[in-house]
Amino acid sequence: MAKVHVFDHPLIQHKLTFIRDVNTGTKEFRELVDEVATLMAFEITRELPLQEVDVETPVCMAKSNVLAGKKLGIVPILRAGIGMVDGILKLIPAARVGHVGLFRDPETLQPHEYFVKLPSDVSERELIVVDPMLATGGTAVEAVNSLKKRGAKHIKFMCLIAAPEGVKVFTDAHPDVDVYIAALDEKLNDHGYIVPGLGDAGDRLFGTK
Ligand code: URA
């Protein structure tokens with residue numbers, strides 16, 4: 001069963017308050033999302049495996065650790081996921097970046113992919129799928145389906161704010177994918193917005209309406 005991790009680090013919680021604030025403008029919103037993504041990347045990489053190597057210091061030979069195992073990939077869900085990519089790359093600059101774009105069929109309301117571009121060695125990478133909001137869960141489920149269809153095997157999902165409804169839909173569909181969030185909010189409203197949430201993450205990041 002998937003694990004759901006809520007990052008309660010005080011810096012993440014502090015910055016999230018200003019991200020939620022309706023009076024925070026586009027520039028500051030973008031900067032804060034970037035900063036929180038960096039802090040979340042620090043937490044999400046906490047359990048990466050290490051391997052011991054020999055290193056020559058100015059004083060003597062020593063045993064020390066470097067990252068071992070799989071290479072990383074970041075996959076933002078278009079478009080709001082893009083706002084979290086640079087913040088993660090600050091800590092993991094060699095990560096590859098794939099993209100998944102989905103649209104909602106106006107009749108069936110089901111998400112369908114319109115753009116998928118991934119690193120060629122996707123099956124060997126540890127992927128972090130990012131989207132600021134996990135609302136109904138439909139888009140996140142379909143995005144991970146798109147990755148699995150193309151061979152991805154090791155996936156984590158990271159978002160700023162999740163609704164309980166979305167967490168259930170997502171973890172039921174992908175019990176092998178752990179979820180990392182900064183806040184688990186109260187509910188979805190009738191328009192599919194997370195309450196209290198932060199409004200439309202894409203519009204607030206890119207200054208659109
Ligand atoms: N997407 C958003 O940007 N905000 C929500 O509250 C729900 C989905």
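These legends describe close-up views of a predicted model. Residues are numbered from 1 along each chain as its sequence is written, and side-chain values use heavy atoms, without hydrogens or water. Local features need pLDDT of at least 70, side-chain atom pairs count only at pLDDT 80 or more, and totals for chains, interfaces and linings use all residues.

View 1. The ligand is surrounded by Met 133, Ala 135, Gly 192, Tyr 193, Ile 194, Gly 199, Asp 200 and Ala 201 (a heavy atom within 4 Å).

View 2. A polar backbone atom of Ile 194 sits 2.8 Å from a ligand oxygen. For Ala 201, a polar backbone atom is 2.7 Å from an oxygen atom of the ligand. Gly 199 places a backbone N or O atom 2.7 Å from a ligand nitrogen. Alone, the ligand exposes 240 Å², and the protein buries 81% of that (Shrake-Rupley method, 1.4 Å probe).

**View 3. Gly 137 in its loop.** Gly 137 belongs to the loop between strand S9 (133–134) and helix H4 (138–149); strands are DSSP runs of E, at least two residues, and helices runs of H or I, at least four. Its relative accessibility is 3%, so Gly 137 counts as buried (under 20%, 1.4 Å probe, protein chains only). Beyond neighbours within four places in sequence, Gly 137 is in contact with Gly 166 and Val 169 (heavy atoms within 4.5 Å).

**View 4. Gly 138 in helix H4.** Gly 138 lies in helix H4. Gly 138 counts as partly exposed because its relative accessibility is 24% (partly exposed runs between buried, under 20%, and exposed, over 50%).

Conventions:
A polar contact is a pair of N or O atoms within 3.5 Å; within protein, one must be able to donate a hydrogen and the other to accept it, and residues adjacent in sequence count only if both atoms are side-chain atoms.
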